[in-house]
Amino acid sequence: MANTADAAAIRLHRRTDSGLGIAAVVMVTCLVVAPFVLYPVFVMKALCFALFACAFNLLIGYVGLVSFGHALFFGWASYLAAHAAKSWGLQPELAVVIGTATAALLGFVGGAIAIRRQGIYFAMITLALAQMMYLVALRVKLTGGEDGIQDVPRGKLFGAFDLNNEMTMYAFVLVVVLAALFLIYRIINSPFGEVLKAIRENELRSISLGYRTDRYKLAAFVLSATLAGLAGSLKALVFQLASLTDVHWTMSGEVILMTLVGGLGTVFGPVAGAFIIVAMENYLAPLGQWVLVIQGAIFVACVLTFRRGIVGELASWLRVKL
Amino acid sequence: MFEIFGVPSYALFGQLLLGLINGSFYALLSLGLAVIFGMLNIINFTHGAQYMMGAFVAYMLLQYLGINYWAALVIVPILVGATGIIIERLFLARLQKLDPLYGLLLTFGLALIIEGVFRNYYGSSGKPYDIPDALQGGHNLGFMFLPNYRAWVIVFSLAVCLVTWFAIERTRLGSYLRAATENPTLVRAFGIDVPRLVTLTYGFGVGLAALAGVMAAPIYNVSPQMGSDIIIVVFAVVVIGGMGSIMGAILTGFTLGIVEGFTKVFFPEASNTVIFVIMVIVLLIRPAGLFGRGI
């Protein structure tokens, strides 16, 4: 009896692993081919948002913390990266590092404040903090107010590769995003990630087992903010622009929508969700304000009918982990 | 006219008055949020959009049907409250057994839908709504000029807040409500129709938001984004006050409005961030909020 059960468990485990492996290969292949079929800038935009959504998913999907203010990290990282590249004339890799570090710092401060309350309050606090920093962005000189920071130079990567070439830029974005996604995958499957999932399932029990859950939550928050910042910094280089749109609460809403559509707590869901929402906004742009209505309707539909998201539903249908 | 801390009294009391006005809207909105949260365990993200709907419906009634402010004050909360009841029956009732997070996401989606529809038809610029004739003009009090309409808004919203507090804390219906918040199963066993109570509570909370919207219409321009601007501040107010107490929500709302008004006089740059800064300080010192019960 025990043997057959073990064998079944092992088969399931293999099936799970092969599901993830196959999905990863399919995703990477598609992304390598994509710039030859679609507009590279469009794919790069989707890639940045995919990373943003995955960073957000690290919190909502694995720690159960709903941040309604992730635009704070995305947008401010984007501002600082753009400022570093334009005003300080730094090389693109340094600009990205500065943007990401800014997000890490903001994540540490914001996280330390927000984790003082749980559940629904956490969402309201993160939203309020992000709104505060949006109002700051509206006022301070560094961000350029309503104009934002325009004409950000892409520069030469490591002083050698000219990023003004669309394909070079694409390769840079792809490598960074894939590396970050792999990092997230490793985080959620590490012992640290297991503790995070334990906190999501039952925080009080985790505390009683001796884990200092506040530290874990803060660490996860900082990681999530940092990676969101990486996405924002890349976006500043891709569009050569950092603007108020990136720090507005609608951006925080969009990243939630992407993650929800793709599937909360799935590895590939946020990536799929980001591509779907970015494509939708691209094709529906002529409809103007109706895009907002459509986004809202998707929110409602997701919550009422498929809470597992597209990838989550697919995974349960194929009985694999995706 | 005289000066206080080097600020002319007219400017100081003028901003204070504006602060009190904002405070009355914060109080009405956070009161509604607290009542809804108590019964439904949902943070109603649509609250801002419903406040905006209140202002717009008042505007539309006047524009298309010639129905004046005083009638709107009664009709609008009923109409918008009715849409709230529909929303509760159609959507929120299905989420009862789920994580409160889904309620937040759903109401966020509804807020986007409502704001998008109004933006589509009315653009993002504001529409003016005239102060009713009876409340035109104002009085010169010597140290400040008091516009009649503003005085009316403060007095009326304070009255609405107190009546709500009385209804919840001191009447039989209110005691059912509080009991159902504590233990819905037990209250149902006593033969009280809890789901209906939940629906009516949501409708009532939404009606309060719409009422605030009607009162706001003559002061601010009626615009589709007026809801999302205020709701985030109200969330901060709710975090500061904590949602455990009705009176707490009212007091916090008015106080923070006044603080905001003062900041406008002394540090104009910080006036729209001051509430968020207070939120951070309160979280660091007293994480449960000023009137919160636990976390």
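This is a predicted model: local features need pLDDT of at least 70, side-chain atom pairs count only at pLDDT 80 or more; totals for chains, interfaces and linings use all residues.
## Contacts around Glu203(A)

Contact here means heavy atoms within 4.5 Å. Setting aside its neighbours within four places in sequence, Glu203(A) is in contact with Gln118(A), Ala198(A), Thr213(A), Asp214(A) and Lys217(A). One of these partners, Thr213(A), also turns up in a polar contact: its side chain and that of Glu203(A) come to 3.2 Å.

As for where it sits, Glu203(A) belongs to helix H8 of chain A, which covers residues 203–208. Its relative accessibility is 19%, and buried means under 20%, so Glu203(A) counts as buried.

## Chain A as a whole

Chain A is built with 13 helices and two strands. Its radius of gyration is 20 Å, close to the 20 Å that the globule rule gives for 322 residues, so chain A is as compact as a globular protein of that length. Along the principal axes, its C-alpha trace spans about 70 × 45 × 40 Å.

Of the 322 residues in chain A, 56% are buried. If you look at contacts with a separation of 6 or more, 77% of those in chain A are between residues 24 or more positions apart. The accessible surface of chain A is about 13,700 Å², with 65% of it belonging to carbon and sulfur atoms. On the charge side, chain A has 23 positive and 16 negative charges, and their mean positions are 8 Å apart.

## Two positive phi angles in chain A

A couple of loop residues in chain A deserve a quick look at their backbone. Asp151(A) isn't a glycine, yet it has a positive phi of about 50 degrees. You'll find Asp151(A) in the loop between helix H5 (119–139) and strand S1 (156–157) of chain A. At 64% relative accessibility, Asp151(A) counts as exposed.

Then there's Gln240(A), with a positive phi of about 55 degrees although it is not a glycine. Gln240(A) is in the loop between helix H9 (213–239) and helix H10 (249–262) of chain A. Its relative accessibility is 28%, and that makes Gln240(A) partly exposed.

## Chain B as a whole

Over in chain B, there are eleven helices and four strands. The radius of gyration of chain B is 19 Å, close to the 19 Å from the globule rule for 295 residues, so this chain is as compact as a globular protein of that length. The C-alpha trace of chain B spans about 65 × 50 × 35 Å along its principal axes.

Buried residues account for 55% of the 295 in chain B. Among the contacts in chain B with a separation of 6 or more, 78% are between residues 24 or more positions apart. Chain B has an accessible surface of about 12,400 Å², and carbon and sulfur atoms make up 66% of that. It carries 14 positive and 12 negative side chains, with the centres of the two sets 12 Å apart.

## Asn221(B) in its loop

To finish, here's a loop residue from chain B. Asn221(B) is in the loop between helix H8 (194–216) and helix H9 (226–241) of chain B. With a relative accessibility of 45%, Asn221(B) counts as partly exposed.

Neighbours within four places in sequence aside, Asn221(B) is in contact with Gly126(B), Lys127(B), Pro128(B) and Met226(B). Looking along the chain instead, Ile231(B) is ten residues from Asn221(B), and the C-alpha atoms of the two are separated by 16 Å.

How values were computed. Residues are numbered from 1 along each chain as its sequence is written. Chains are lettered from A and ligands numbered from 1 in the order in which they are written. Side-chain values use heavy atoms; hydrogens and water are left out. The radius of gyration is taken over C-alpha atoms; the globule rule is 2.2 Å times the number of residues to the power 0.38. Buried means under 20% relative accessible area, exposed over 50%, partly exposed in between (1.4 Å probe, protein chains only). Accessible areas come from the Shrake-Rupley method with a 1.4 Å probe; for residues, only the protein chains shown count as cover. Lys and Arg count as positive and Asp and Glu as negative; His and the chain ends are not counted. The place of a charge is taken as NZ of Lys, CZ of Arg, CG of Asp or CD of Glu. A polar contact is a pair of N or O atoms within 3.5 Å; within protein, one must be able to donate a hydrogen and the other to accept it, and residues adjacent in sequence count only if both atoms are side-chain atoms.
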